[in-house]
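Please read the points below with the model open beside you. They are meant as a colleague's notes, to be checked against the coordinates one at a time.

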Protein chains: 2
Amino acid sequence: MNHKFRCACPITSALDILGDKWILVIIKQMLIEDKRTFKDFTESDEAIATNILSSKLKCLEEFDIITKKQLPDNKKTNLYLLTEKGLALTPIIVELSIWSDENVRALNSIMRDSPEIEVLKSDKNAFIKMIIDTYKVKTENLI
Amino acid sequence: MNHKFRCACPITSALDILGDKWILVIIKQMLIEDKRTFKDFTESDEAIATNILSSKLKCLEEFDIITKKQLPDNKKTNLYLLTEKGLALTPIIVELSIWSDENVRALNSIMRDSPEIEVLKSDKNAFIKMIIDTYKVKTENLI
DNA sequence: AATATTGCTTGCAAATTGAAAGTAATTATA
DNA sequence: TATAATTACTTTCAATTTGCAAGCAATATT
């Protein structure tokens, strides 16, 4: 797979990787919903089809945003984990959640509350660090 | 047009609107490349097709992220301008540019330099405010 | 009055997405 | 140990989206 970039713009180039319906949803599921296995993802609210999931995971792996690992005591279940490059997407996820809370809520009647949003807004950097640290603690003993 | 949201997650709902190849590219072009007219967009480096542009602009208008205005002395040329809801996407654009500078540059050999990136990183909030204020100054006298 | 420009729309081919079913390897259960 | 269930996919095919090219109507320019 050799990805093509549209032009020399850094923002457009980021969107050449992240700009689709599923990539950032998968990152979010890994980062804050503890999704780690193929099955975890298929069971999520977003209900991604297995063929799409398979191709997107492959793509994320090629960009080194995630890595695929095996548990030492289980040859069947693969673990998909965020790399540093993937964890560096946390600020984008955080900004998406703020914008959504303020601008999309009114359009989606079933949108769930974000009780932590005020804490988040009061100190974004601390919140981002907390999410990343929590992820690392949760995953460091898995492999 | 009645948009469908995948689920109750605020982040996924944001991506139901923003998660595609073109939407955030168009926002970026308006916000920092002074693109305002249909022609402006078609002449950009990203070279969007006119039918796609037309449908995306319509979509952005329906979500109240942009507004379409006419110059009083020109009945042909339409101006597309960001609303407050659209300007509130600036932090997302800024985070995309930081992530890209640090993580995509190595993959895209033709990516242009971002000389302002260090200024940006040293005070994100000030940079975001500057972008928004500059946009408002540039556009307030157009209509 | 003739030409060029702007802002689209239409038609069609190519690519992507998605639902459903199938498969192979591994693990759990009777 | 045999059977069933689970996981992680792949395949097939239909539906949707994207993209190129051409066309067109209204307005602006020469």
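**Notes on the predicted two-chain model**

1. Residues are numbered from 1 along each chain as its sequence is written, chains are lettered from A and ligands numbered from 1 in the order in which they are written, and side-chain values use heavy atoms, with hydrogens and water left out.

2. Chain A has eight helices and two strands, which run α-α-α-α-β-β-α-α-α-α from the N terminus on; helices (H or I, at least four residues) and strands (E, at least two) are DSSP runs, numbered from the N terminus.

3. For the 143 residues of chain A, a compact globule would have a radius of gyration near 15 Å, and the 16 Å of chain A agrees with this; the radius is taken over C-alpha atoms, and the globule rule is 2.2 Å times the number of residues to the power 0.38. The C-alpha trace of chain A spans about 45 × 40 × 30 Å along its principal axes. Among contacts in chain A between residues at least 6 apart in sequence, 50% join residues at least 24 apart.

4. Of the 143 residues of chain A, 52% count as buried, a term that means under 20% relative accessible area, with exposed meaning over 50% and partly exposed in between (1.4 Å probe, protein chains only).

5. Helix H2 of chain B (residues 23-32) is mostly covered, with nine of its ten residues buried; among them are B:Ile23, B:Val25, B:Lys28 and B:Leu31. B:Leu31 is also one of the residues touched by B:Thr90, together with B:Ile128, B:Ile131 and B:Ile132, when residues up to four places away in sequence are not counted. B:Thr90 itself lies in helix H6 (residues 90-103) of chain B and counts as buried because its relative accessibility is 0%.

6. B:Asp34, in the loop between H2 and helix H3 (38-42) of chain B, has a positive phi near 60° although it is a residue other than glycine, and it is partly exposed, with a relative accessible area of 34%. A:Ala47, in the loop between helix H3 (38-42) and helix H4 (50-62) of chain A, is not a glycine either and has a positive phi of about 50°; at 53% relative accessibility, A:Ala47 counts as exposed.

7. B:Phe63 is found in the loop between helix H4 (50-62) and strand E1 (66-70) of chain B, and at 8% relative accessibility B:Phe63 counts as buried. B:Phe63 and B:Lys129 are 66 residues apart in sequence and, C-alpha to C-alpha, 23 Å apart in space.

Key. This is a predicted model: local features need pLDDT of at least 70, side-chain atom pairs count only at pLDDT 80 or more; totals for chains, interfaces and linings use all residues. Contact means heavy atoms within 4.5 Å.
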